[in-house]
Amino acid sequence: MKVLVILASYNGVKYIEEQVDSILNQEGVNVTLKIFDDGSTDGTVDLVSSWKKHEQIQLTQNQIPTGSAANNFFNALQSFEDTFLDQYDYISFADQDDIWLPNKLKAATERLQSGKADLYMSNLILWEEKNNKKTVINK
C-alpha cells in the first residue's frame, strides 16, 4: 500500500522531528513524505534539509507564503502534475506538531477499503503539555 503524506509546516522546529519520525515508522504501508514549508524562520527548513539521507522525504519551500495550513495543503495538491498522484493508493495530510501511532495509516487504509469510502478522519488525543493532560477527541 503506497501512501503519500503531505505535511504542512511553518515554524515547527520544536515538534516536526518527532512527527516525521512517527510518519516514517508507520507499519504495513509504504510512505512517501512531502513537506511543504510556508516560510519558516525558526530553523525548520534547515532541520528538514539535513534529512537528505531519507529518500522518503522531500521538501518544497513555498515561494509565496500561503498564510494557513489549509491553504498550504491546497497549494501542495495544486503543485503536483496530473499523473503524479496516480502512483499512490492513498493521500494523507499531516500537521507538523502531531505524533502518529505506528498503525495509524494501516488502520485508515483498511477502514477506507472495508467501508468503500473516499475520506477518513481519525479521532485524536489532545495532549496539554503544561499539565500533561490527555483528552480523546472523537471526530
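Analyst: I125 counts as exposed because its relative accessibility is 54%. The cut-offs are these: buried is under 20% relative accessible area, exposed is over 50%, and partly exposed is in between, using a 1.4 Å probe and protein chains only. I125 lies in strand β5. Strands here are DSSP runs of E with at least two residues, helices are runs of H or I with at least four, and both are numbered from the N terminus. I125 and I99 are 26 residues apart in sequence, while their C-alpha atoms are 9.6 Å apart in space.

This is a predicted model, in which local features need pLDDT of at least 70 and side-chain atom pairs count only at pLDDT 80 or more, while totals for chains, interfaces and linings use all residues. Residues are numbered from 1 along each chain as its sequence is written, and side-chain values use heavy atoms, with hydrogens and water left out.

Now the pocket. Rolling a probe the size of a water molecule over the atoms shows where empty space is left. A pocket is an open set of points on a 1 Å grid over the protein atoms alone, with protein on both sides within 12 Å along at least five of seven lines; a cavity, in contrast, is a set of points where a 1.4 Å probe fits but cannot get out. The volume of the largest pocket is about 1,600 Å³, where volume means the space filled by probe spheres set on the points, and points are joined across faces, edges and corners. The lining of this pocket has 39 residues, and D98, W100, K104, S122 and L124 lie nearest its centre. A lining residue has an atom within 4 Å of a point. Two or more lining residues come from each of α1 (16–24), β4, α4 (104–114), β5 (124–128) and β6 (133–137). By class, 23 residues of the lining are nonpolar, six are polar and ten are charged. Nonpolar here covers Ala, Val, Leu, Ile, Met, Phe, Trp, Tyr, Cys and Pro; charged covers Asp, Glu, Lys and Arg; the others, Gly among them, are polar.

K104 and W100, both among the residues nearest the pocket centre, are also linked to each other: K104 lies over the face of W100, at 5.2 Å from the ring centre. A charge sits over a ring if NZ of Lys or CZ of Arg is within 6 Å of the ring centre and within 35 degrees of the ring normal. The charged end of K2 is placed in this way over the ring of Y88, 5.3 Å from its centre.

The structure holds four aromatic pairs. Rings of Phe, Tyr and Trp (its six-membered ring) pair if their centres lie within 6.5 Å; planes under 30 degrees apart are stacked, over 60 edge-to-face, and the rest tilted. The ring centres of F73 and F93 are 5.1 Å apart and the planes are at 75 degrees, so this pair is edge-to-face. The two residues are 20 residues apart, with F73 in helix α3 (residues 69–79) and F93 in strand β4 (residues 90–95). F73 is buried at 14% relative accessibility, whereas F93 is partly exposed at 40%.

The largest one has 20 residues, and V5 and V20 have the most contacts inside it. α1 gives the most, with four residues.

K34 lies in strand β2. K34 is buried, at 11% relative accessible area. The C-alpha atoms of K34 and L7 are separated by 6.2 Å, although the two are 27 residues apart along the chain.

Last, the loop between β5 and β6 holds N132. N132 is not a glycine, yet it has a positive phi of about 55 degrees. Its relative accessibility is 53%, so N132 counts as exposed.

Notes: Core = buried A, V, L, I, M, F, W, Y, C linked by side-chain atoms within 4.5 Å.
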